[in-house]
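Dear colleague,

I am handing over the structure that you asked to see, and my notes on it follow below.

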Amino acid sequence: MTLELPVDLLFGLNLDLNLDLTKVMTANAIVLPVVLPLLAAFLMQPLAQVSRTLARLLGPLVLALGAWIILNAWLDVGPAPFSVAIGGFAAPLGIVFYADQLALLFALAVQVFTLLFWPGLGAAAKADAAADRQRAPRRDALALLLASAATGLALSGDLFNIFIFYELAAVASFGLVCADGSGRARIATLRYLFVSAFGSVLALVGIAILYLQTGTLNLAQLAQVAPETLQGPIGLAAFALLLIGFGVKAELFPLNAWVPEVYATAPARVSALLAGLVSKLAILVIVRLLILVFQQPEASQLLLVLGVLGVLTGEFSAWRAQDFPRLLAFSSIGQLGLVAIAFSIDGTTGILAGTAVALHHLIIKSALFGLANRWSGGLDALTGAAKGAPRAAGLFVLFALSLVGVPPLWGFWIKLLIMVGLVQGGSPLDLLALGAILLATAVEAHYLFRVALRLYQPPVQDQASRLAPPARWDTGVAYLLGACLVVISVAITPATEALRVLAQQTGDVLLYIDTVFPQPLAYKE
Amino acid sequence: MTHIDQVPTPGAPLPVEIGVKAGAARTNPFARVFDELVRFAQSRSLFMLHYCTGCGAVELPPAMTSRFDMERLGIQPMVSPRQADILLITGYVSVKTLKRVILTYEQMNSPKYVIGICSCTVNGGMYWQSYATAKKLNDYMPVDIYIAGCMPRPEAVIEGLRGLIENIRTGRADAWKDYYRRYDYYLGNQQRLFGADWQTSTDVIAEARHYDLFGPATLGAHTALLEQHQRPLEALEMRIEIPELMRRRSRSDQDGTAQ
Amino acid sequence: MATSPTTVVDQLLAGLHLPDGFDAVAGVIRESLAHVTNSAIWTRYGQQSLEWLIGMNPVDRLFMLSALTLLLMLLLGRLRSAGVLAVLLYGAQFAALLSTDTLFGAPVAAEVRITVADQSLHWSYDALSWFFAMITIGAAFVTAWYAAGSWMRRYREAGQSARAFHVALALNCFGMLLLVGSADLLSLFLGWELVSWASFLLMALVGGPGAQAALKYLAYAISGAMLLLGGIALIYSIGGSFEYGAVVAAIRGMTDVQVWTLLLLLGGGFAVKLGLLPFHLWQAAAYAEAPGAGSVFLGAISARMGLFGIIVFIVGMIGVSRLMTLEIPYTFMSSRELIAWIAALTIIVPTYTALQQHDARYLLAWHGIGQGGYMLLGLMVGDAVGSAGGLLHCFNYAITQAALLMAVFAVVHRTGTADLNQLGGLVTRMPLTFLVLLFGIISLAGLPPMAGFVSKWMVYRSLITEGMPLLFVAAVVGTLGTILSVYKLIHNIFLGQLRVEHQGVAEAPLSMLIPMLGLSALIFLAGFIPGPALSWVAQVQGQLGLPVVPWVLGGIVDPRGGLDMIWLVGILMAGFGVGALVFYGFGGRSRRVHQLDNYAGGHFLTADVHYQYSDNFYAGLMHLIGPWYRGAFRWLERSLAATLDLVSFGAEGLYRVAQPTLLMLAAAVAMLAWVF
Amino acid sequence: MIPLTLETVSYAGAVGLVVIGGLGLVICNHLFRMLLALVMAESGANLLLVLTGFRGGAIAPIIGYGPAGAPMVDPLPQVLVLTAIVIGVGVQALAVAVLVRVYRTYGILDMRELRRRMEGEIAVAAGIAAPGSAQVPLGQRPLPPVPDYELVRRSAPVRERGA
Amino acid sequence: MDWLSAMRLDALAAVDFHWLGLVLELMLMPLIAFVAGLGLVLMLRKIAARLQRRVGPPLLQPLWDIIKLHAKETQTSHGLIHEIGIVMAIGGYVAAVTLLPVPGMNGLAQQGGLIALLYMTMIPSLGLALGVGQCANPNGSIGISRALTAMLAYDVPMVIVIFGVAFHFGSLNLVHMIAAQQAGGVATWGMVQMPLLALAGLFALQGMLGKQPFEIYVAPAEIATGPMVEMGGKFLGGLFVMQCFQLYTGGALYVTLFLGGGEHWLTFLFKVFVVTAIPMTIAMVFPRYRTEDMVRLFWKWPTMIGLLGIAFVMN
């Protein structure tokens with residue numbers, strides 16, 4: 001337990017003597033994956049003045065450490081959720097981190113995926129190495145900032161804290177998108193910024209309404225008081241505003257005009273992080289709100305409607321897309337719509353399906369954006385790419401098959417889960433959503449395999465030379481993720497069981513409250 | 001192309017042999033009856049290909065229709081040489097036409113009969129002085145009956161046909177055999193008229209061999225000339241050739257496709 | 001039980017009930033086997049694996065062998081000998097099938113059940129499954145054989161991957177076996193998707209126009225699969241279970257509107273695969289442009305999977321009698337008549353489209369669509385003879401189409417073209433291939449004495465006895481169109497003038513010839529003695545609860561007009577004997593002449609003159625009916641594509657608003673308005 | 001009728017600021033004006049947040065300030081709003097920085113024109129035709145290739161893209 | 001049911017007849033058909049001659065033609081398929097006529113039935129088509145293409161008629177049909193019961209026999225008799241034999257379907273000759289239709305008449 005000392009020094013832990021000390025230590029260490037990258041991000045610039053190599057290594061090291069801590073926490077503490085009061089201030093007054101399996105899973109995913117898509121890794125063959133060297137520390141700092149904020153989003157148990165992490169993630173992502181300094185990326189960033197900032201404004205208004213109604217922003221406490229105070233239109237309005245605010249990053253339908261532009265202009269790895277990771281964490285926040293605070297069926301319906309619209313517009317637009325990044329961007333919108341639909345299903349099934357489809361999309365879309373690093377041109381230019389990069393093309397086909405939902409693969413079981421869930425819901429809106437999913441799947445298969453076939457066509461003479469195969473690192477990452485997909489597909493039964501346990505835990509409101517407030521606390525004495 | 005001068009001159013024209021029976025006479029009485037029956041049937045069923053090259057054709061419709069009605073004699077018109085027994089040449093034949101006539105004649109199945117109608121087929125008639133017509137038909141193919149006249153009336157045509165029928169029934173109308181037996185002679189005349197590279201698509205020599213109609217004068221200088229430049233005319237026989245089976249070992253350079 | 005190859009063979013021979021004369025043959029087999037079983041390797045490995053294999057459930061055994069085939073092809077497909085290995089493996093699958101008494105008696109029922117992600121997957125093989133499995137494995141077997149030798153060598157030389165081909169074929173076969181054995185909706189869908197994607201793989205293998213066609217197929221197939229999924233969802237929402245038993249109960253309890261919806265969803269899904277009108281446009285190009293041997297397999301069985309679905313759901317579960325009670329509002333048609341008419345139109349329109357084709361592969365592929373209509377039509381009539389005819393046609397058609405496509409691709413193998421205007425006169429060069437094609441076209445056109453006649457006769461007969469005049473006329477008109485186009489096929493390839501460039505063409509290689517000839521023999525035998533096939537069909541009918549056809553060895557016994565093919569074929573052969581006697585016995589000697597010795601109105605023919613009538617073969621007919629069906633149903637496809645494009649354009653437009661926050665504000669206003 | 005108190009007026013003002021800001025974002029084309037609108041909206045939201053802690057006649061929430069036991073305003077929103085303002089300012093600063101860079105690159109700040117240029121640059125980089133060109137009517141825009149049977153047969157080249 | 005056990009059952013025992021008698025029937029029926037066919041050919045040519053005020057051929061002219069053609073000393077063959085085609089053309093009809101019951105002889109009518117007969121008569125056409133194709137003469141191919149188109153044209157009313165008749169008698173068995181028609185004398189004849197179908201059938205018969213106005217596929221002056229262009233000697237002779245069978249089959253089928261079959265030979269042959277005389281007479285006073293006009297005609301009038309007839313039959 002080498003970590004005991006710094007943790008103790010930094011935070012003066014709230015030692016509850018009833019608990020096993022080691023467990024508490026490990027549990028409290030969960031704060032580190034948020035704090036360490038933040039510190040490292042601020043240290044980055046000075047460090048780069050001292051040693052460039054050290055600065056380069058700092059980010060990955062911190063992330064690896066974070067991943068190790070989270071994994072450790074998960075293994076040591078076991079399946080039960082736990083909460084950590086930051087600075088020792090207990091729940092309603094202080095800020096808490098709540099770590100159940102879902103949160104830990106996504107926190108871990110943040111570390112791992114940021115590491116896998118670390119902007120500085122493996123991208124050795126840069127033309128302007130000098131400019132890259134100049135930019136590297138700033139970019140790495142932003143990436144660390146993003147990782148920190150995203151981890152915070154996953155763990156935080158306080159709405160305003162979430163808002164702050166969300167803003168932090170937004171600022172980091174603005175910076176990352178225009179990190180390579182092209183004019184079009186800056187324009188896209190500005191547009192993205194306006195959308196995001198105005199969304200934050202609306203979210204802030206939503207938070208204000210929430211606070212006005214309940215007098216607290218702690219999620220556990222909100223969960224306790226929500227049934228009395230947040231029924232009716234006022235509560236729903238708050239949810240709607242929060243949905244709009246957080247929906248910007250979650251790529252929900254009317255709030256995602258920035259998506260194709262940003263993904264078409266940003267570096268592919270940044271796109272991979274934004275599309276794969278950040279969007280899931282934003283969705284996670286919405287789901288937390290939905291489960292704990294806004295339990296009205298109307299709230300779910302709102303999410304469902306946005307999801308359906310997202311699925312339809314995303315997939316149809318992707319059908320028309322003529323370049324690879326935008327095709328992936330639109331496809332990502334469609335998939336996130338599917339996530340929204342899945343989470344809008346009642347009960348454990350919904351959470352299970354939603355988590356599964358979110359993870360599925362996280363794995364696949366990140367890997368695809370990784371492949372798009374070099375295949376960033378028009379679809380026509382991809383003709384014959386399989387000749388130069390047979391492995392990458394094969395992986396693309398594998399991912400495409402799973403996205404479409406071809407039976408033995410994981411994607412099929414997820415679609416089945418959603419289908420069963422929607423059918424059991426049985427309302428006309430549910431059936432409409434089902435129809436939309438089916439329609440969108442057909443469209444999706446068509447455009448994905450249009451690309452796949454193009455990859456395997458004999459190459460056109462002058463294009464063969466222009467098209468470089470994806471970098472070795474990206475292919476390797478795609479391999480790794482593809483292997484994950486295959487493993488999950490093979491071990492589908494245990495995987496689903498594990499996710500079901502997770503979903504049950506996530507859906508248990510009382511557990512959340514009990515975990516955050518170990519003794520029942522009187523409210524507003 | 002061989003020049004016309006190089007074509008050997010044919011020998012003196014021989015008279016058309018009539019009534020020469022091939023092979024030994026059949027002694028079996030049933031066979032004789034059978035032969036009789038066949039000859040009778042042949043004489044009573046004549047399909048006629050009329051090659052209407054000249055004005056004589058005008059006299060055929062009356063011969064066929066209600067006034068004279070050839071069909072009561074078992075004669076009816078046919079359109080393809082394969083089906084026909086009689087080749088009816090009605091009038092003058094130009095050199096160009098004669099080529100077609102010979103081709104058509106060779107394509108007919110034996111026993112086949114040639115009838116020349118009008119003077120033009122006999123001796124050129126009013127086209128005697130024309131550079132472009134063949135004067136004597138039986139220089140180029142054996143003719144069974146000539147019906148002279150310019151033009152012969154339908155009665156004469158019917159009478160001529162009756163004569164042919166009688167010849168067939170009695171077994172005397174076998175001028176067609178002469179074409180096989182003395183092919184060299186006819187070919188020589190044809191070559192003189194059409195040039196040395198003259199060839200039809202029918203392999204008469206092979207046919208003569210196949211049907212035992214080969215005679216001493218079938219081959220000669222002219223057929224030798226023909227064989228120098230003749231396109232091969234062997235029939236396409238069915239064959240089952242599987243190269244993969246034949247050369248299993250030398251597989252490296254084989255390709256079953258044509259050429 | 002004591003298991004050695006010898007005992008297995010003994011059991012098999014005993015099961016065959018062979019006459020006594022075969023004892024000697026059996027003895028030879030036994031001795032040679034004893035030789036093998038005495039070897040050391042056998043006693044060490046073979047004995048155990050054989051015992052293990054024999055101890056298995058038949059379905060397990062079949063699946064295991066099929067999966068093994070797939071695995072081995074994946075690992076070893078690159079080897080030169082992979083073709084032979086594939087043949088052996090498919091042969092082993094067929095042997096596994098034989099061990100279930102499918103061919104020689106009542107098939108055994110067996111099942112497999114696994115649980116995946118708390119969904120139970122259930123496979124159960126019954127008479128219907130075995131029937132389709134038999135056709136599938138048989139098709140894979142002959143296809144693998146056809147592809148094993150010379151064909152594959154050429155395929156490799158063209159730069160294609162042999163492994164990909166073998167894997168695609170094995171995957172197809174495996175998927176179909178999973179599909180036909182499915183006993184719940186989930187396993188059905190699983191098999192369905194597997195088959196769809198495996199077919200896609202097989203079609204897209206060679207790229208070029210094949211890939212384009214495959215993409216089009218994919219658009220149709222996935223739409224169909226999604227319809228299917230919708231239907232499955234509907235059933236699940238009502239019955240609450242995927243198991244067939246529960247499904248039947250659920251359907252029984254459904255209202256008419258629900259059954260109609262189900263019919264449209266499921267029927268639509270299956271119809272896409274079967275290529276029923278108006279979903280048939282993908283099929284011809286996709287099947288024709290697949291690599292030769294793959295095309296054979298696809299043509300023989302692939303589209304029948306759609307029919308299988310229809311048999312299971314519409315015939316087996318909903319039932320023809322229920323269909324008859326489903327009236328179409330404001331008409332006097334029932335849904336059964338609707339389906340029957342769709343089937344009839346499926347016969348006519350593609351058949352006459354085939355008549356227009358000038359590519360042999362396309363011609364046959366279009367016919368494949370048309371023949372599917374006969375099967376459905378027979379099933380929709382629903383009486384004993386009609387449904388038996390429809391089912392029997394699956395088998396008969398499979399062997400016919402496989403033989404036909406093999407012959408055509410043998411010609412392509414030798415000449416490099418399937419263009420009917422570029423061929424001719426090949427009968428003298430490829431006589432055995434000609435014979436195969438001849439048998440095939442007689443069967444396809446439904447003329448005696450070949451297999452196709454029996455099944456078509458049964459369909460006609462049932463249409464007459466059930467009093468469906470217009471459908472009968474439609475079926476016969478389809479057959480007439482088939483006669484027209486298959487004559488064009490054989491004429492333009494094999495008859496007429498042999499082109500100069502094809503003078504040196506050789507007969508098809510032996511590896512391709514053997515399966516072709518085997519299938520031809522089967523086509524003739526199945527026409528001569530339809531009894532065995534009818535016995536399978538009768539089992540299937542019993543399984544599905546349909547009236548069972550009264551069959552005998554030679555055909556059907558019925559006081560209202562039966563059919564005895566043994567007599568018919570016998571008298572036909574006798575007639576041919578008489579004809580030969582008249583022709584060869586009473587005629588003069590004939591002499592074969594060169595093809596240039598031909599009547600051309602006195603014209604001199606030379607080898608370079610193309611003296612052949614092949615282009616625009618039925619000019620008179622086309623002049624009349626050409627305008628009727630030119631581009632028929634293509635407008636539907638085009639308008640769908642245009643709609644999709646328009647919708648997509650609109651959707652994309654939403655992402656192209658000049659002000660990024662506009663939609664956000666609008667959404668906020670709309671949501672707040674909805675909330676209050 | 002809602003009573004016209006200081007509270008309601010403040011609330012209405014805050015919401016009004018947000019609405020004005022939102023409308024400004026939508027209506028304006030000039031990037032700087034959009035930024036100002038955003039600032040306005042953010043002020044509105046912050047005002048709203050701080051108002052949630054407001055209680056009529058209450059004192060500042062400082063222990064020992066004012067009479068003991070007197071009602072205090074809720075201190076939490078004030079803390080929160082401070083954070084929010086800081087974040088907002090950070091975002092605005094970032095926006096200004098990017099805006100300046102954009103202006104240096106393109107020399108304009110018109111949203112529509114910038115968007116058009118961005119689309120054009122993306123298209124050029126990807127090697128595809130610029131989308132949505134107004135010169136080409138809808139029916140003649142390049143469609144994604146739906147395999148046309150006839151085209152496939154003749155293996156003719158697919159239609160030319162773009163005008 | 002196990003088909004192997006079915007095989008072990010003596011398959012022949014299922015059919016009840018006397019062996020020898022059947023063999024005799026099977027030999028006699030084609031022979032009678034051939035002889036009657038010769039008569040029909042003669043009648044055809046006589047009718048044509050009489051209508052043109054000619055004398056016409058002598059009595060045995062059809063026979064002489066056939067003998068002469070077979071006795072040709074040189075015969076032009078274009079290959080094996082050319083020959084097999086003729087064998088199939090003759091053999092198919094030889095087999096087909098055994099399915100057509102005549103007075104006192106049922107032949108194989110119990111084993112086949114109407115549809116089998118109809119399809120059996122397509123075998124000769126197929127054989128002929130194959131043989132013609134092998135000749136490599138485009139005139140022949142054009143002729144076949146037209147003949148097949150003609151078949152498509154006249155078979156539409158034909159199958160309508162067949163459906164109506166089979167439905168009316170409730171059986172496909174020709175023996176049953178004859179028995180049903182003979183049960184009540186002329187009143188139960190198909191012609192009386194189904195006059196419209198009989199009319200449509202007559203149209204179809206005209207096309208089936210390939211006589212004017214529906215003989216565009218022969219068109220001697222245009223395509224040199226089409227299918228027959230390369231047929232000489234015994235090849236043509238075989239076709240003449242086939243024509244005999246064809247005329248007989250057409251006439252006898254019509255008689256069986258509509259005229260009560262034959263009570264005994266005299267009436268049977270009389271009916272056959274009368275029925276066949278009708279299209280022959282019509283043929284000699286008409287010119288010929290073009291292919292598409294013929295198709296249009298067949299698909300319009302006889303089809304409509306036939307459908308109307310079915311409507312009456314099915315009520």
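**Notes on the structure**

In chain A, what covers the buried residues of helix H9 includes helix H7 (159-177), helix H8 (183-214), helix H12 (268-293) and helix H23 (509-516). Helix H9 of chain A spans residues 219-229, and its buried residues are A:Leu219, A:Ala220, A:Gln221, A:Leu222, A:Ala223, A:Gln224 and A:Ala226. A residue is called buried if 20 or more other C-beta atoms lie within 10 Å of its own, exposed if 12 or fewer, and partly exposed in between, with the C-beta atoms placed from the backbone. Helices (H or I, at least four residues) and strands (E, at least two) are DSSP runs, numbered from the N terminus.

Please note that this is a predicted model, in which local features need pLDDT of at least 70 and side-chain atom pairs count only at pLDDT 80 or more, while totals for chains, interfaces and linings use all residues. Residues are numbered from 1 along each chain as its sequence is written, and chains are lettered from A and ligands numbered from 1 in the order in which they are written.

Chain B holds an open sheet of 5 strands in the order E2-E1-E3-E5-E7, with parallel pairing, where two strands pair if DSSP finds at least two bridges between them. Strand E2 (75-77) and strand E7 (145-147) of chain B stand at the edges with a single partner strand each, so one side of each has no neighbour in the sheet. Strand E1 (residues 46-51) of chain B is joined to E2(B) by 3 bridges, and B:Phe47 has B:Gln76 in E2(B) as its bridge partner. Helix H3 (residues 95-107) of chain B lies across E1, strand E3 (86-90) and strand E5 (113-117), running at about 165° to E3(B), whereas helix H5 (residues 154-169) of chain B lies across E2, E5 and E7 and runs at about 170° to E7(B). Such angles run from 0 to 180 degrees between N-to-C directions, and axes are lines fitted to C-alpha atoms, for helices over the stretch in contact.

In chain C, the axes of helix H5 (residues 82-98) and helix H6 (residues 127-148) come within 8 Å and cross at roughly 160°. That crossing makes H5(C) roughly antiparallel to H6(C), because angles over 145 degrees count as roughly antiparallel, under 35 as roughly parallel, 65 to 115 as roughly perpendicular and the rest as oblique. Among the residues that make the contact are C:Tyr90 and C:Phe94 of H5(C) and C:Phe141 and C:Trp145 of H6(C); two residues are in contact if their C-beta atoms, placed from the backbone, lie within 7 Å.

Chain C also has 3 strands in an open sheet with antiparallel pairing, in the order E3-E4-E5. Strand E3 (551-552) and strand E5 (563-564) of chain C are the edge strands, each pairing on one side only. Strand E4 (residues 555-556) of chain C is joined to E5(C) by 2 bridges, and C:Ile556 has C:Leu563 as its bridge partner there.

Lastly, chain D has 5 helices and 0 strands, and 25% of its 163 residues count as buried.
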